[in-house]
There are 2 protein chains.
Amino acid sequence: MRQFNGGVCSAKGFRAAGAACGIKEGSDKKDMALIVSEVPCSAAAVYTQNKVKGAPIIVTKENISDGKAQAIICNSGNANTCAPNGIELAKKTCEIVAKAADISPKDVIVASTGVIGQEMSIEPFENGIPKMAKVLTRDGGQSVAEAMMTTDTVPKTGGVQFEIGGAVCNLGGAAKGSGMINPNMATMLCFMTTDAAITPEMLQKALSEVVKSSFNQICIDGDTSTNDTVAVMASGLAGNPVIDKEGEDFDTFCEALHMLSVHFAKNLAADGEGATKLIECNVKGAPDVEIARAVSKSVIASDLLKAAIFGSDANWGRVLCAIGNAEGEFNADNIDVTMSSKTGSVFVCEGSMHKEFSEDLATGILSQKEITIDVDLHQGDAEATAWGCDLTYDYVKINGDYRS
Amino acid sequence: MRQFNGGVCSAKGFRAAGAACGIKEGSDKKDMALIVSEVPCSAAAVYTQNKVKGAPIIVTKENISDGKAQAIICNSGNANTCAPNGIELAKKTCEIVAKAADISPKDVIVASTGVIGQEMSIEPFENGIPKMAKVLTRDGGQSVAEAMMTTDTVPKTGGVQFEIGGAVCNLGGAAKGSGMINPNMATMLCFMTTDAAITPEMLQKALSEVVKSSFNQICIDGDTSTNDTVAVMASGLAGNPVIDKEGEDFDTFCEALHMLSVHFAKNLAADGEGATKLIECNVKGAPDVEIARAVSKSVIASDLLKAAIFGSDANWGRVLCAIGNAEGEFNADNIDVTMSSKTGSVFVCEGSMHKEFSEDLATGILSQKEITIDVDLHQGDAEATAWGCDLTYDYVKINGDYRS
C-alpha cells in the first residue's frame, strides 16, 4: 500500500472537469466540478450531523439510497441552503448532469458550498454542465479540487494504491474545507473514487467506520457546517474479486480508505481559516477508543490551547483543562503530556503535575509549523489521534470582516 | 424586589477585606480576599464539571459537606491546581483563617484563580490573613471584588433586596471571570452572601436550580476552567421565618438569587477576554427548556457567530448553523431570527429562509455594545436565554502572547 499524489481520476473509469461557470456574478474563479464514471458505481456517503441541512444533502441522500451513483456535481460560491427552491434546484441540477452524461438523474451526487441563505440561479448549471461534460478527461483531478475551493489556500488532492486478490486498485480524491466565501460556513467536502470492486453495503460500512478516526477527528472552530459531505464511488474496474463481506480484502480496502481520509483530514486542518500551524494530538492509555477520541479532539478544539500554540506557548495547563472537559468517564489524576515538533520535544507534565522544562527550548519547538501533543492517560490500551490548527488574528479577520 | 449596587457585605452579618499579599512576587495588585460572617451560616456551592479540579475545590467540598460555613478566603495569581501539595496548602490556608477569625477550619470556603501548575507558597497567607482579619469592615465589598480580579477589566459586585415573611432581606456578591494572569485558565468565581434565614438543603437546592439559567448559560470560549466556583452563605440575621421547604418564601429567595446571578452572568460575559460586545440570545418556541437552553447557548458559543458580531455582520446563516448544532431532538425547518440593539431591530430570517433586510440598518444595529438575538423555533412554549461576547483580535492577543 502506498500513498501517491493522485486525484479523483486516479482510479480506473473516472473522468472529470472543473470550470468557471459564474455562480457568483462577475467572478471568474473555477466554481463547478463534474466527475463522471464510465460505469455505474457502488456509492456511499456520510453527511453533516447539523439539523439544518443543505438542500443538496437531502437530494443526494435520496439519490444514493439504492447504493448506486455514476456522477458527482459540485459547485462553490453558494451553499444552496436555507434558500428558496433549494431542493427543486438541486434536483434540476441532477437532471442537467444526467442529460449531458447520458445517465440517470437518480445516479447523481450533488453538493454545494458557499454563502447560505442566498437564492441560487439554475443558469450557471444549464450553461456550464453541458460544456463540461464535453471536456471530461483523466487529468481533471486538479481542476476538480480547484473548483471546490472557497477560501481554501491550496487545492487538496491525494491517492492510495493497494492490492486486493492480486489486482492493483487505486483510490483517489479531492477535498475542500475551512475556507469561506463572503463570511460563511466552512463546508467540508471530500469526494473519493476507487476502481476497487466493492458492494454498496460494504462501501458504506467502510466509510462510516473510517470517518470516525479521520474526518470526525478534525476541528477548525467547532462549528459543524450545514453542507458537510464525504462521498465515495467505486467503479469496480480494477478487476479484484468483489468485496462483499468482512475479511482480509475488506480490511485492506478500509486501510487504504483510512490512509487517504487521514491525508485529507490533516490537510483540511492545516489549511484551517487563518491557521499558521497544524496541531496533532495523540492520546494513549485511554480506557476505550471513544474516550481516546474525545480527549484528543477536546485538546485540538480548545480555543485557549489553539491561541497558545499560535503564540508558541507551552501552556500545558490548557491541555489538562481541555482533557478534563472531554466527555466520558475517566480519571484525570495521572496524565503525562509531551509537546514536540521536528526540532525536538519537551516533557511538560507528568502525573498531572508540572515538570521542569526549558521555556526557550519549548518556544523553539512550538515555533515550527507542525506541532504534536502526546497525551498518556495511564488507564488502558486505547489510542486515538485528532488534528486541528492554531487560532490566529487572521481567523478573526476572515470571519469578522464585514461582507463586502 | 429591587436590584442595587451591593456587594458581599450588603447582607447583615458579613465583613470583608481585600489586600495585596504578594501571591505573585513583585506584584502590588490586591490578590487576597477574606469574607467573614459574625455567625455560622448555611452554605451551598456549585463547582466546575471539569475532571481536572483545583485543590481548593476538593477542600471546599469537604468543608461544606455539613452545609455550614463562616468564612471565604480567595486568592488570585495562582490557581493552586496541578501543583505539588495543593490540597495540603489549601487546608493550611483554612487553618490560618480559622485561627485569625476564631472559627473552625472546617467552616472555611477556599478558592484560588490564576496560573495553573505552579507551586504556591503558604507565606503570603501566613503574613496576609492575620492582618486582613484585623481590618474587616462592612465596606469591604468593593475591595473583595478587586482582589479576585485577574485580567478582568472591571470589578464585579451587585445586590438584591427582597422581603420574606415581613423581614427585609439582602443578598449581595462579588464575581470574577474571563480574565487571565499570564496566559491561563479564565476561572469563574462568584461569592454571594445573604442575611435571609434558609436551611443548607434549601440553599443548595436554590443555587443548583438558579445556576442552570444563569452561570451555566454563559460562554466566553467554551473552555470550562478547573477552578470555577459559585458559593453562597446565608447568615440568617434578617429575621425572616427560616426557609426550610418549598413554597412562596423559597420562590422569593430563588427569584432574588436568580436576579443577582443573571446580573453577574451578564457582567462576566460582557467582560469576556478581548470582548467589545455583549451578545444575548433569547430562544422561545422550544419543545422543552433543556432544548431552549442548548439552542441559546449554542448560538452565543459559536466562534463564527462571535466573529461576525465583532464585524457587525448580520450573518444569520451562522445563527442557523449554530442552532442546528445544538443537542436535542427538535425541528430546524421553521426558525425565525431577529437581531436587535438599542438602536433598532432587523428581522433577518423567517421560516429558516432569508428575509430581505437593509444591510446598512443591520450594520448600524450591530455596531452597538449590547446585541440581542431573538430566535423562535415555533414548536413549543419553552424559553431560555444565554449570554456571550464577540470574538476579537484581542482574544487572540491575550491568549496567544507568550508568557512574559
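1. Of the interface residues of chain A, 100% are also interface residues in chain B, so the copies meet through the same surface. Contact here is taken to exist where the C-beta atoms of two residues, placed from the backbone, lie within 7 Å. The model is predicted, and for that reason local features need pLDDT of at least 70 and side-chain atom pairs count only at pLDDT 80 or more, whereas totals for chains, interfaces and linings use all residues. Residues are numbered from 1 along each chain as its sequence is written, while chains are lettered from A in the order in which they are written.

2. On the extent of the interface, 50 residues of chain A are in contact with 50 residues of chain B. At least two residues of the side of chain A that touches chain B come from each of α8 (303–310), α9 (316–324), β14 (353–354) and α11 (393–400) of chain A, and α9(A) gives the largest share, seven residues. Helices (H or I, at least four residues) and strands (E, at least two) are DSSP runs, numbered from the N terminus.

3. By residue type, that side of chain A divides into 22 nonpolar, 21 polar and seven charged residues. In this count Ala, Val, Leu, Ile, Met, Phe, Trp, Tyr, Cys and Pro are nonpolar, Asp, Glu, Lys and Arg are charged, and the others, Gly among them, are polar.

4. Within chain B, helix α1 (residues 55–63) has as its buried residues A55(B), P56(B), I57(B), V59(B), T60(B) and N63(B). A residue is buried if 20 or more other C-beta atoms lie within 10 Å of its own, exposed if 12 or fewer, and partly exposed in between, with C-beta atoms placed from the backbone. The cover over these residues of α1(B) includes β3 (32–47), β4 (68–78), α2 (86–101), β5 (108–115) and β10 (229–234) of chain B.

5. Most residues other than glycine have a negative phi. N85(A), in the loop between β4 (68–78) and α2 (86–101) of chain A, has a positive phi near 60°, and with 14 C-beta neighbours inside 10 Å it counts as partly exposed.

6. S352(B), which is not a glycine, likewise has a positive phi, of about 65°, and lies in the loop between β13 (344–350) and β14 (353–354) of chain B. S352(B) is buried, with 20 other C-beta atoms within 10 Å.
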